[in-house]
Amino acid sequence: MMIPIGTFFFRYRNVLFPLVFVLLFFEGTWPICENELIENLEIVIGIIVALSGQALRALTIGLDYIKRGGKNKQVYAKTLVQNGMFAHCRNPLYLGNLLIFTGIGVVANSLLFVLFGIPFFLFAYMAIICSEENYLENKFGQEFKDYCKRVNRIIPDFSGLPTTIQSMEFSWRRLIIKEYTTTFLWITGVLLLIIKNIYLGRGYETSKYTLLILSVFLLMVFLGFCTAWYLKKSKILRLK
């Protein structure tokens, strides 16, 4: 049952997943908390959670990359990647996504997103994983079964991680080329949500300097995105 559901989510996730983020705009109706001190704590905690997800994605992509998006919107794998972060977790990119999504929900102070958005993403990714594992088992057979016995599906085993990092070359080029859009989108989203919540909850006059600082950060993120985009499109920065 989960396999066809996972195939559906895999094919249409780029359309369905953004729609779920609409829930972030209803935090004024269902806030997690209305206490200013706790809201500030939520922002800190949410950013830490999201950054941990981004760090996991960065390590995964920089050490040993797996083709995202499949092929023709279908699950696809040319080889069974077992090195890098895939030696510690079978789905580190998906775990990174879930941490980022959770962090965004906490930063947005959106109880609706936390109660419904996060469970939706958990279900969707578990279904996708079932679909992918069915494909991988059919294609790689015993090799994939042995891999599953050694490595957890979603909870990372960080033992031996320093050895993994030291034994592999980290590709900053690949990280920037493959990840700059994702990083730009979620950081921009977080900053805009913080700006919106501060402006609506505290007013412009009492928080104008905070809003100014956040706007500067937003501009810096945009300039970073433009720089990465230019380096990629001009082929100054490209994979060897």
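**Helix packing**

Modeller: Helix 2 and helix 3 are roughly antiparallel to each other, a label given to angles over 145 degrees, where under 35 counts as roughly parallel, 65 to 115 as roughly perpendicular and the rest as oblique. Please keep in mind that this is a predicted model, in which local features need pLDDT of at least 70 and side-chain atom pairs count only at pLDDT 80 or more, while totals for chains, interfaces and linings use all residues. Residues are numbered from 1 along each chain as its sequence is written, and side-chain values use heavy atoms, with hydrogens and water left out.

Colleague: At roughly what angle do helix 2 and helix 3 cross, and within what distance do their axes come?

Modeller: The axes of helix 2 (residues 36-63) and helix 3 (residues 92-107) cross at roughly 165° and come within 7 Å; axes here are lines fitted to C-alpha atoms, for helices over the stretch in contact, and angles run from 0 to 180 degrees between N-to-C directions. The helices themselves are DSSP runs of H or I with at least four residues, strands being E runs of at least two, numbered from the N terminus.

Colleague: And which residue classes make up that contact of helix 2 with helix 3?

Modeller: It divides into 13 nonpolar, nine polar and two charged residues, where Ala, Val, Leu, Ile, Met, Phe, Trp, Tyr, Cys and Pro count as nonpolar, Asp, Glu, Lys and Arg as charged, and the others, Gly among them, as polar.

Colleague: How does helix 2 pack with helix 7?

Modeller: Helix 2 and helix 7 (residues 172-202) pack at about 175° with their axes 10 Å apart, which makes helix 2 roughly antiparallel to helix 7. The contact of helix 2 with helix 7 holds eleven nonpolar, five polar and seven charged residues.

Colleague: What about helix 4 and helix 5?

Modeller: Those axes lie 6 Å apart at an angle of about 130°, with helix 4 packing against helix 5 (residues 142-150), so helix 4 and helix 5 are oblique to each other. Helix 4 contributes Glu133, Leu136, Glu137 and Phe140, and helix 5 contributes Gln142, Glu143, Phe144 and Lys145, contact meaning heavy atoms within 4.5 Å. By class, the contact of helix 4 with helix 5 has three nonpolar, one polar and four charged residues.

Colleague: Changing topic, how many helices and strands does the protein have?

Modeller: There are eight helices and zero strands, and the C-alpha atoms fill a box of roughly 65 × 45 × 35 Å along the principal axes. Among contacts between residues at least 6 apart in sequence, 84% join residues at least 24 apart.

Colleague: What share of the residues counts as buried?

Modeller: Of the 240 residues, 41% count as buried, meaning under 20% relative accessible area with a 1.4 Å probe and protein chains only, whereas exposed is over 50% and partly exposed lies in between.

Colleague: Where does asparagine 109 sit, then, and is it buried or exposed?

Modeller: Asparagine 109 lies in the loop between helix 3 and helix 4, and it is buried because its relative accessible area is 8%. Its phi is near 60°, a positive value in a residue other than glycine. Most residues other than glycine have a negative phi.

Colleague: And leucine 122, where is that?

Modeller: Leucine 122 is in helix 4 (residues 111-140) and counts as partly exposed at 44% relative accessibility. Leucine 122 and tyrosine 94 are 28 residues apart in sequence, with 9.6 Å between their C-alpha atoms.
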